[in-house]
Amino acid sequence: MSDILAVAEHRRGDLRDVSYELLTAGRQLADETGGDLHVAVVSGDTESFADDLNREGVDAIHTVADGEEFNHDVYAQAVEALHAELDPEVVVMPNSVNGLDYAPAVANRLDLPLVTDAVALDYDDGLTVTREMYGSKVETTVDVAGDQQAVTIRGAEWPAAEGVGDADISAFDADIDADAGSTVTGFEEVGGGDVDISEADFIVSIGRGIEEEENLPLIEDLVEATDATLASSRPIVDNGWLPKNRQVGQSGKVVTPTVYLAIGISGAVQHVAGMKGADNIVAVNTDPNAPIFDIADYGIVGDLFEVVPELIEQFE
Amino acid sequence: MKVLVTVKEVAEVADDFEIAGTEVDERYLEYDLNEWDDYAVEEAVQLKEDGPADEVVTVTVGPERSEETIRMALAKGADRAVRVWDDALEDVDLLDVETKTNLLKAVVEAEDPDLVLSGVQAGDDAFGATGVSLADEIGFQWGAVVNALDYDDEENVAHVHRELEGGVEELTDIDLPAVLTIQTGINEPRYASLRGIRQAQSKEIAPKSLDDLGLDSGSIESDLDLTSMYEPESESDVEIFDGDASETAGKLAEVLTELGVAE
């Protein structure tokens, strides 16, 4: 009993990147426990997904054909049944919105200790998980008791598995009760709007640091003076100060401009997920320890209400 | 309909801080209502104001200190509160999901709500798992990361939007009783009015021990052991501009011009 079970994720016909990252994390654990890496793929076109997931280091792939799109009842039942069949040491799931919609149920019904949002895993006589707390200000290591565990992993922390594998691919009958209490009725793209920030070359983006909606015109003046495109982190959109189509991050848009000027943005992981692909990241923040400076190329540690007017002056 | 809202008092860490052992030194912590729970409270209070809900009760796992935070939720319109605590919880560095589930399950059994609202995650430990775990344990349906809620009184169904990654929302119908984990931005949390703050003083906060909930110390034995805490190592090679606002802005303007995005 030292195998690892990783559960892939897909949406609207495509495997999500985290699925390939799960393979890497799972293989690493399997090497440490001395077991096999089993991969589960549930719902949708499982045969084609299985072919894509058959990468180096994968020993077995189990397809569960029930359902088209993600449904937490189907996923929880499928993983529970596979767990009973395979008896793995660790179940590895994505720390995605859908992962968090079924992983806690899986852990609860199998009575497994659950650790979410892992950024590193280590197995040496037991599982140790590295994770962050207090908005990424500290990192912690957590020893997890018991013979079997469940973890969810943060996206983009492990490289995607590559190469072509020779896994055994087999269909698994999980005996799913489809008469569940929740029904997915559709999908909706949000915030089309007039501007597509994902196309912008120069983005001026604002966060909590601007404090009040009344300070927005100051930033708009900078945007106008530099011919930039205005975007923001989540709190600005949550407050209704800018429309949803301006939000950069995990649940917003992914942007890849030449320059991303982050003003008053601390750099929470959910935001960074949307902008780390920028060629140049510039940060203006009063807190020299703000995580945004860890990924920035240029920085100003200072008060945006002093820096921004000076910057506007430079371009007028 | 009775709505139960899980409300957590979370610690926020100052910009500069020190770590003592496996904790942030108490001097650098400030306590506040968990941001996500603020939206959950607002959603519950709106359900009451709009008609479907008759009563909004909050539940908090926290020491006596957390009553200040609980009063904030009461001032915003919750009717009464339950606070669960036991001295045995003082020594636990990191409450695991199972323990929180056990404690909240006991409160759900006593309160018998139709709907439980919980923040998506807590700003301190950021597990993001308690709501769904609780739902599974008590046999309720659930939905995680809900950013729009339309409750249909006749059908007893919650029509929700779940905020997926990348600007996509999933539309889901969830039968009640249910647990929904509430995402920020679903509404605009109100400020507590002076009148609300005054009224909150006379609202009930019922303390509950493990005994009161029919639990023993075995139900709070955590599977997780926090073994180290440290500041993440920065791999940054950021070039910081020195000088006053005028000088730093000047250097930044040069860079923006060199990169060809502004002139």
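**View 1. About 30 Å³ of space lies in the second largest cavity of this predicted model.** A cavity is a set of points on a 1 Å grid over the protein atoms alone where a 1.4 Å probe fits but cannot get out. Its volume is the space filled by probe spheres set on the points, which are joined across faces, edges and corners. Lining residues have an atom within 4 Å of a point; here they include Leu100(A), Val120(B) and Thr181(B). Five are nonpolar, two are polar and none is charged. Ala, Val, Leu, Ile, Met, Phe, Trp, Tyr, Cys and Pro count as nonpolar, Asp, Glu, Lys and Arg as charged, and the others, Gly among them, as polar.

**View 2. The largest cavity has a volume of about 60 Å³.** Both chains line it, with Phe70(A), His72(A), Trp142(B) and Arg162(B) among the residues. Strand β11(B) gives the largest share, three residues. Strands are DSSP runs (E, at least two residues), numbered from the N terminus. The lining holds four nonpolar, five polar and three charged residues.

**View 3. The second largest pocket has a volume of about 1100 Å³.** A pocket is an open set of points with protein on both sides within 12 Å along at least five of seven lines. Its lining has 48 residues, and Lys8(B), Glu9(B), Asp93(B), Leu95(B) and Asp124(B) lie nearest the centre. Strand β6 (residues 55-61) of chain B gives the most, three residues.

Residues are numbered from 1 along each chain as its sequence is written, and chains are lettered from A in the order in which they are written. The model is predicted, and totals for linings use all residues.

Notes: This is a predicted model: local features need pLDDT of at least 70, side-chain atom pairs count only at pLDDT 80 or more; totals for chains, interfaces and linings use all residues. Side-chain values use heavy atoms; hydrogens and water are left out. Helices (H or I, at least four residues) and strands (E, at least two) are DSSP runs, numbered from the N terminus.
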